[in-house]
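Hello,

Here is the structure I promised to pass on to you. Please open it alongside this email, and then read on for what turned up.

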Amino acid sequence: MARLIRTEKEVEGRYEEVWIVVDEDALDRWPAGPLTTVGQRVPRVDGLARARGQALFTADLQLPGMLHTAVLRSPYARARVISIDLEPARSAFGVRAVIGPADLDQLTDEPGYVGHAVAAVAADTFGQAQAAAERIVVEWDVLEPLLDADEAVRQESFVSDVANYERGDFERGLGGADVVVEAEYRTQVVVHNSLETHQAVCHWEDDGITIYISTQYIWGIRASMADHLGLPPDKVRVICHAMGGGFGAKNSPGDYTPIAAELAKRTARPVRCALTRREENVAAGNRNATIQRLTAAATTDGTLVALGGDFVNAVGYSGWSATTEGPMKMLYACDNVRTTQYPAKLNLPPMAAFRAPGFVEGTFGLECLLDELAVKLGIDPLELRRMNYADSDRTDDRPFSSKNLAECYRRAEPHWAKRDEVRARSRGPWKHGIGLASQIWYGGGGPPSYAWIRVGSDGRAQVVTAMQDIGTGTRTAMAQIAAEELGIPLDHVQVSLGDSARGPFASISAGSSTVPSMGPAVRSAAADAKRQIIEIAAQRFHLEERVLDLRDGQIVSTDGGSWPLTEVTGLLESGQILGQGARGPNPAGMQVLTFGVQVAEVAVDVETGEVRVDKIVAIHDVGRVINALGAESQVEGGIIQGIGHTLSEERIDDPATGSILSRTLDAYRMPTIADVPEIVSELVDIPDEHLTNLGSKGLGEPPIIPVAAAIANAIRDATGAEIRSLPITREEMLRALREAEAREKERRGAAAAV
Amino acid sequence: MDVLTPRSLEQALRLKAERPDAVPIQGGTDVMVELNFDRARPAALLNLNEVAELRGWSRQNGRVWLGSGLTYAEAMERPLAEALPALAEAARTVGGPQIRNRGTIGGNLGTASPAGDALPPLLVCGAEVKIASVRGERIVPLPDFVVGPKRNVLAEDELILGVSVGGTESRQTFMKVGPRNAMVIAVVSLAVRVDGDLRAAFGSAGPVPTLVRAGLGDVDSFPQRVAEAASPIDDVRGTASYRRHALRILTRRALDRCLV
């Protein structure tokens with residue numbers, strides 16, 4: 001029965017209260033561990049198509065008569081357009097339409113950051129559009145930009161309210177402490193740099209618009225573009241068959257989709273608006289910089305008695321302020337916690353969600369500080385974490401639906417126990433060390449989400465749902481779930497997704513929610529189809545339904561009878577069995593979270609400051625694993641992206657003008673295969689017994705979260721140097737080494753004086 | 001834009017004399033970047049890929065002749081890699097395999113970038129650049145060939161035939177610091193050769209790749225001298241002070257390697 005509930009919906013750590021109609025989820029739970037198809041190592045069902053270049057990405061799309069767009073973006077961080085002359089562009093060769101600030105809300109005459117869209121040109125070729133855009137004449141009044149996050153806090157320039165939190169009494173906790181550590185941590189701006197740049201192709205046809213777009217949320221694009229265009233939502237069809245990465249930056253239409261829609265309307269042609277790689281490094285969103293001033297205090301027995309922090313999020317010109325303080329509030333059982341988060345509004349490009357926004361940054365600060373505390377206490381860092389283990393969500397005392405972090409710690413022991421062996425590898429200037437960091441994050445998904453399934457007379461099934469596969473292997477996971485429930489081979493299941501006109505509503509692919517939101521809906525649809533097949537089989541074979549089941553492509557009965565599935569479905573000829581399913585509610589009154597720990601082995605050249613990551617062991621608890629191979633590739637991807645964040649990636653801004661200096665993949669340095677260490681991935685494959693008919697949580701984000709802290713802690717273990725700032729460039733490494741040396745000298749001096 | 005494709009050196013020199021505005025292109029790893037980023041719009045390209053005389057390498061009177069069309073991939077192969085080990089090591093650090101298959105020594109000389117990876121190894125091996133035009137040939141020592149960042153002494157009708165290098169089979173090595181482990185433009189690069197005297201040449205630490213020489217007795221002070229000879233800048237890849245520091249460390253390590 002459909003049930004109307006008022007519930008909290010969480011995406012990327014942001015909550016909102018919503019009404020949701022949910023269906024009961026009454027299916028029996030599958031047993032834990034690998035099943036016939038679910039839990040196995042399954043290569044991607046679309047792997048060959050991708051390798052052959054047959055998968056259709058938005059970037060591949062060529063519609064007849066399609067025009068291309070170039071966007072004129074502000075070269076100034078803060079300015080006013082005094083006058084703009086679009087005529088020279090309009091008269092340029094190949095140009096079909098030019099729009100400026102007067103024509104569209106997404107084009108501004110008061111840019112607030114370098115890269116803010118001002119005007120756009122549609123032409124027969126991209127080159128013509130670009131050449132024409134250069135001819136637009138703008139007279140600027142250049143204004144003083146606000147670029148420093150601390151200065152923004154002083155001026156109270158914020159994108160939203162300052163967020164204060166306290167539980168217990170921080171000051172009193174601090175007063176009762178034996179050991180206190182304080183440190184300031186800084187994290188840099190990093191850019192998603194998806195392989196497929198942000199882009200959309202808009203095509204007005206019939207009485208509506210079709211939008212082909214590289215997106216993480218087909219239904220979100222449909223809703224916001226319908227709103228923007230003043231159309232009924234079903235007049236907006238959104239299509240995304242294959243996608244070259246999003247990492248959080250492709251949840252909304254951006255400026256490029258409204259620009260393409262407007263130009264398509266004016267020219268009556270399909271229009272592509274695709275960001276170039278340079279625009280991608282400027283105007284496509286980013287993980288914003290943070291400043292974290294943190295305090296941790298403990299008694300000599302290792303009990304955390306106070307945690308506190310001021311967190312400055314350098315959000316940029318707009319966007320939202322991620323919960324950088326989240327790990328400090330949630331990871332440990334500390335009675336006294338006080339945090340303040342300042343969402344600084346600056347004349348810099350706006351942030352966008354980026355793989356566990358806030359928690360990646362906050363975990364770096366917290367988990368580094370905890371190791372500094374462990375050193376002062378003389379307590380083993382792993383032990384210190386165990387001593388302060390949280391058995392419930394301390395922010396509101398809700399129980400966890402499941403938490404197997406203790407099991408992660410147990411499995412980390414053999415790797416952690418290698419510390420002496422790793423340190424003994426040090427030779428000459430190369431110092432070796434080992435470090436660890438914990439991970440906490442969301443990833444429970446939620447309703448609503450729907451799936452349909454149809455089973456034909458040939459006994460094959462097609463899953464139909466208008467979700468998107470953002471490159472994580474969703475098609476494969478959904479096919480596995482349907483195959484498992486229907487008891488048919490994986491290659492008898494096809495998954496049709498990526499089109500809002502062909503399938504029911506599906507959830508966003510963000511916040512590690514695709515599998516936990518969509519998987520249960522697909523299983524429920526398959527179960528509905530299975531119930532119907534068994535009803536028909538019971539009539540066909542004159543048996544009771546309760547003695548029948550589907551297994552290995554057969555209809556089986558408890559007394560040993562067995563018939564090929566097609567013996568029943570074949571009766572249908574062109575008819576089909578249609579199943580439908582919905583995602584049930586999350587467990588009431590419970591906090592659904594993911595957990596993990598990573599152990600990093602590093603080597604540091606103390607003369608040149610070079611840091612080499614030799615190995616990362618990642619142990620995560622995300623409930624039931626659907627595809628063991630796909631999960632491993634998510635872990636590897638997260639760690640590689642985390643290594644970039646930790647060691648080499650940084651958007652470089654001109655501190656005087658706010659101009660972005662790193663606009664190419666030469667200046668903005670993502671890791672190459674030569675930077676990738678040995679990665680050992682272990683998943684605690686225990687289904688969450690309170691969460692849905694699958695017991696699965698998401699894994700997209702967890703693996704990137706502890707990487708930076710684990711590496712920084714390993715560096716401390718190797719050298720004694722305390723890393724306070726990302727990325728750990730050679731300069732930062734040498735600075736930390738010099739500081740450690742000075743500290744050591746001071747300590748010896750003090751000791752000698754006694 | 002015209003693309004001129006001569007089939008012989010003689011044709012190439014004649015075309016260059018007729019069209020001095022034609023930009024020579026061999027592997028295209030520099031020229032095509034300039035075109036793609038719209039930093040250059042030459043009236044013509046002089047495609048040298050069909051000029052057989054510019055390819056390959058040979059031994060000549062105790063020296064090695066490297067044609068300007070010699071690719072990095074070829075420089076990494078034995079026996080040339082054994083004759084010029086520092087050049088081979090440098091070639092291995094250039095881009096990815098596709099870039100190394102296309103990029104050439106002649107292109108590196110023509111571009112004359114301060115970060116040109118082939119230039120420090122050539123400098124320590126006493127490279128002499130052979131230049132030709134319809135007017136004749138001339139030989140210019142490499143330190144005199146590169147005259148500024150991305151500037152060389154080529155006249156507008158001249159082409160680079162190749163370089164002659166000595167120091168084969170001597171103790172020599174190459175080191176490069178990059179912000180990551182592959183596919184990087186150097187933060188700083190260094191070639192060192194020990195053969196009767198000490199020679200070091202560095203890249204990315206001054207307007208031009210620079211050669212520093214000292215006697216064998218100056219081993220201890222040599223790293224400092226090399227660092228002092230640099231005039232680096234701060235840029236997106238690294239700071240000037242780090243570059244100087246790294247040069248000192250790398251020179252010492254390179255000497256250790258060569259003096260074993």
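Below are my notes, beginning with chain B and then moving through chain A.

Please keep in mind throughout that this is a predicted model.

**The sheet in chain B**

Chain B holds an open sheet of 3 strands, arranged in the order β1-β3-β2 with parallel pairing. The edges are taken by β1 (2-4) and β2 (22-25) of chain B; each has a single partner strand, so one side of each has no neighbour in the sheet. On average, neighbouring strands here are turned by 25 degrees against each other, if direction is ignored.

For a closer look at one pairing, take β2(B) and β3 (residues 44-47) of chain B, which run in the parallel sense and share 4 bridges. Within it you will find Pro24(B) opposite Leu46(B) of β3(B).

A helix belongs in this picture too. Helix α1 (residues 9-18) of chain B lies across β1, β2 and β3 of chain B, and its direction makes an angle of about 165 degrees with β3(B).

**A helix pair in chain A**

Next, have a look at α17 (residues 628-648) and α18 (residues 707-719) of chain A. These helices pack with their axes 8 Å apart, at an angle of about 60 degrees. At that angle, α17(A) is classed as oblique to α18(A), and the crossing of the two is right-handed.

Which residues of α17(A) and α18(A) meet? From α17(A) come Gly638(A), Ile639(A), Gly642(A), Ile643(A) and Thr646(A), and from α18(A) come Val707(A), Ala708(A) and Ile711(A). By type, this contact comprises 5 nonpolar residues, 3 polar ones and no charged ones.

**Two cis peptide bonds**

Chain A has a couple of backbone details that I would like you to see. Pro447(A) and Pro448(A) are joined by a cis peptide bond, with omega at about -5 degrees. Pro448(A) sits in the loop that links β19 (430-441) to β20 (450-455) of chain A.

Another cis bond runs from Leu726(A) to Pro727(A), where omega is near -5 degrees.

**Two positive phi values**

Asp552(A) is not a glycine, yet its phi is positive, near 50 degrees. You will find Asp552(A) in the loop between β23 (548-551) and β24 (554-557) of chain A.

Thr692(A), also not a glycine, has a positive phi of about 55 degrees. The loop between β29 (678-683) and α18 of chain A is where Thr692(A) is placed.

Are these two residues buried or exposed? Asp552(A) has a relative accessible area of 60% and is exposed, because the cut-off for that class is over 50%. Thr692(A) has 6% relative accessibility and counts as buried, because that class takes values under 20%.

**Ser509 in chain A**

Finally, there is Ser509(A), in the loop between β22 (493-496) and α15 (514-541) of chain A. With a relative accessible area of 3%, Ser509(A) is buried.

What does Ser509(A) touch, apart from its neighbours within four places in sequence? Its contacts are Gln216(A), Gln468(A), Ile470(A) and Thr514(A). As for Gly208(A), which is 301 residues from Ser509(A) along the chain, the C-alpha atoms of the two are separated by 25 Å.

Methods
Residues numbered from 1 in each chain as written. Chains lettered and ligands numbered in written order. Predicted model: local features only at pLDDT ≥ 70, side-chain atom pairs only at ≥ 80, totals over all residues. Heavy atoms only, no water. Pairing = 2+ DSSP bridges. Axes fitted to C-alpha atoms, helices over the stretch in contact; angles between N-to-C directions. Contact = heavy atoms within 4.5 Å. Parallel < 35°, antiparallel > 145°, perpendicular 65-115°, else oblique. Left-handed = near helix turned anticlockwise from the far one by under 90°. Nonpolar A, V, L, I, M, F, W, Y, C, P; charged D, E, K, R; others polar. Buried < 20%, exposed > 50% of the residue type's maximum accessible area, 1.4 Å probe, protein only.
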